[in-house]
Protein chains: 2
Amino acid sequence: MNKRRYNSETTKLEIMEKAFLLFSQKGYTQTSVSDISKASGYSKGHIYYHFENKEKLFVLLAQQTMKEWYLKWMDKEPDFTCASDKLYGMALHVLYNYQTPLLKGGQELASNPESSHESVKQLYELAVIPMGAYRAILVQGIEEGEFKKGNVEEWTVLIGTWLGGLCQLTNTQELHSLERLFKNAVSIFLGSIQK
Amino acid sequence: MNKRRYNSETTKLEIMEKAFLLFSQKGYTQTSVSDISKASGYSKGHIYYHFENKEKLFVLLAQQTMKEWYLKWMDKEPDFTCASDKLYGMALHVLYNYQTPLLKGGQELASNPESSHESVKQLYELAVIPMGAYRAILVQGIEEGEFKKGNVEEWTVLIGTWLGGLCQLTNTQELHSLERLFKNAVSIFLGSIQK
DNA sequence: ATAAAAATAGAACGGTCGTTCAATTTATAG
DNA sequence: CTATAAATTGAACGACCGTTCTATTTTTAT
């Protein structure tokens with residue numbers, strides 16, 4: 001009988017949801033397993049029934065978060081035609097969907113010498129995903145003659161760091177009020193790479 | 001007799017030096033008072049002879065770091081004449097002198113709900129300093145007719161977030177290899193604001 | 001209804017945390 | 001040389017950390 005007989009899957013999701021919020025608000029180290037236990041309403045011990053340990057739980061959340069971000073982008077990407085429009089679209093996608101507060105915890109974990117080698121590697125692989133998405137847009141723009149020929153890797157890093165820097169503002173300001181800023185950054189950037 | 005009779009001032013500086021390194025490497029939470037004690041060679045208890053607590057020690061270091069950054073900039077600022085040159089100079093000043101790793105600990109401390117209200121306020125005031133320096137350059141450029149008239153506050157935030165984003169790369173890459181990138185960011189930015 | 005399996009709780013572990021405090025050593029002043 | 005004040009130590013505190021383990025409750029299959 002291959003019908004799922006038990007259903008603690010929702011419990012697991014509840015825990016992940018609360019853990020996501022806590023890690024986002026307080027960072028990795030400052031969020032304790034006790035915190036997650038209290039917030040989710042399940043005992044501390046039970047969290048270890050679903051997750052091997054705190055570190056793996058965090059990495060799982062980070063992976064899931066980044067995967068969702070990327071899938072959402074893949075979903076809306078066809079809405080834009082030219083590369084310039086894609087870049088504007090991407091900026092807003094980052095503003096509204098890139099989970100800066102959670103992902104910040106990744107740096108924390110990665111910079112801790114006691115973190116497992118594997119977790120650090122997995123987090124590093126995540127950081128590569130958005131860069132790949134930016135690069136794809138730039139490549140398209142060049143191939144279609146919309147952008148100048150130039151150093152794609154460098155451009156990728158430049159737009160990536162700019163959007164990343166702007167994302168820091170999401171901690172303290174309303175997302176909606178930042179739209180202008182994100183768009184203007186793209187405008188300035190395009191001014192230098194468009195033909 | 002107003003001559004300083006005892007000299008534990010050097011001890012204090014030694015502790016601050018080691019604490020600076022540890023906070024930079026491991027962040028605020030992950031650096032323990034024990035770590036600082038071991039690294040400095042003085043007992044844990046003695047650290048509390050010089051500093052009220054861990055939080056105040058960190059804030060002191062952050063303030064000192066930012067003050068030094070600003071003074072150094074004030075020192076070299078006259079080397080540049082036009083505002084554009086100042087912006088290039090500032091980018092490199094940020095690259096080589098802005099202590100991103102330490103200051104990152106400030107975000108950690110500030111996002112911890114148990115941090116004292118006062119410390120968070122002091123850290124916030126620090127974050128304002130570089131923005132003021134950027135704004136001054138932009139204002140000068142406009143007043144001297146070198147830059148277009150535009151939204152100075154917005155420009156300040158845009159260049160500030162870009163440099164801040166680029167600074168994240170200092171964790172993983174050689175400073176020298178980043179010079180190009182910082183300069184190119186300024187070039188692109190200037191392309192949009194120069195007359 | 002019963003036995004087996006899954007889900008959950010909660011106590012307990014050794015360890016580390018930031019902080020305090022009394023005791024001791026060291027340097028200075030008279 | 002002695003008394004005093006500064007500098008420094010190290011043990012001790014209660015609290016909390018991530019994790020483990022055993023016991024208990026709940027669900028499922030027969």
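## A buried glutamine in a loop

Gln99(A) counts as buried because 20 C-beta neighbours lie inside 10 Å of it. The cut-offs behind that word are these: a residue is buried with 20 or more other C-beta atoms within 10 Å of its own, exposed with 12 or fewer, and partly exposed in between, the C-beta atoms being placed from the backbone. Gln99(A) sits in the loop between H5 and H6 of chain A. Setting aside residues up to four places away in sequence, Gln99(A) touches Ser24(A) and Thr65(A); contact here is when the C-beta atoms of two residues, placed from the backbone, lie within 7 Å. Phe182(A) is 83 residues from Gln99(A) along the chain, and their C-alpha atoms are separated by 16 Å.

For contrast, look at Ser43(B), in the loop between helix H2 (33-40) and helix H3 (44-50) of chain B. Ser43(B) is exposed, because 11 other C-beta atoms lie within 10 Å. Its C-alpha atom is separated by 9.6 Å from that of Val33(B), 10 residues apart along the chain.

## What you are looking at

This is a predicted model, in which local features need pLDDT of at least 70 and side-chain atom pairs count only at pLDDT 80 or more, while totals for chains, interfaces and linings use all residues. Residues are numbered from 1 along each chain as its sequence is written, and chains are lettered from A and ligands numbered from 1 in the order in which they are written.

## Chain A overall

Chain A has nine helices and zero strands. Helices (H or I, at least four residues) and strands (E, at least two) are DSSP runs, numbered from the N terminus. Along its principal axes the C-alpha trace of chain A spans about 60 × 40 × 35 Å. Of its 195 residues, 34% count as buried. Among contacts in chain A between residues at least 6 apart in sequence, 69% join residues at least 24 apart.

An unreviewed UniProt entry annotates residues 9-69 of chain A as "domain: HTH tetR-type". UniProt positions are given in the numbering used here, feature names are shortened, and annotations may be inferred rather than shown by experiment. In the model, residues 9-69 of chain A are 80% helix and 0% strand, with end C-alpha atoms 23 Å apart.

The unreviewed entry also carries the annotation "DNA-binding region", covering residues 32-51 of chain A. That span is 75% helix and 0% strand, and its end C-alpha atoms lie 14 Å apart.

The 15 residues of helix H5 (residues 83-97) of chain A should span 21 Å at 1.5 Å a residue, and the end C-alpha atoms are 20 Å apart, which agrees. The expected span of a helix is 1.5 Å times one less than its number of residues. Among the buried residues of H5(A) are Leu87(A), Met90(A), Ala91(A) and Val94(A), as well as Lys86(A) and His93(A). Their cover includes helix H4 (54-76), helix H7 (117-143), helix H8 (152-167) and helix H9 (179-193) of chain A.

H7(A) has 27 residues and reaches 39 Å from its first C-alpha to its last, close to the 39 Å expected. Its buried residues include Leu123(A), Pro130(A), Tyr134(A) and Gly141(A). H4, H5, helix H6 (100-111) and H8 of chain A are included in what covers the buried residues of H7(A). Just after H7(A), Gly145(A) takes a positive phi of about 75°.

## The core

The largest nonpolar core has 94 residues, and those with the most contacts inside it are Ala91(A), Ala185(A), Ala91(B) and Ala185(B). Such a core is a set of buried Ala, Val, Leu, Ile, Met, Phe, Trp, Tyr and Cys residues joined through C-beta atoms within 7 Å. Leaving aside neighbours within four places in sequence, Ala185(A) is in contact with Ala91(A), Trp162(A), Leu166(A) and Leu158(B).

## How the two chains meet

In the interface, 24 residues of chain B are in contact with 24 residues of chain A. Helix H6 (100-111), helix H8 (152-167) and helix H9 (179-193) of chain B each supply at least two residues of the side that touches chain A. H8(B) gives the largest share, eight residues. By type, the residues on this side of chain B divide into nine nonpolar, 12 polar and three charged. Here Ala, Val, Leu, Ile, Met, Phe, Trp, Tyr, Cys and Pro count as nonpolar, Asp, Glu, Lys and Arg as charged, and the others, Gly among them, as polar.

Chain B is superposed on chain A by a rotation of 180° with 0.0 Å of shift along its axis (RMSD 0.1 Å). That is the relation of a two-fold axis. The same surface serves both copies, as 100% of the contact residues of chain B recur in chain A. The superposition is by least squares on the C-alpha atoms of residues with pLDDT of at least 70 in both copies.
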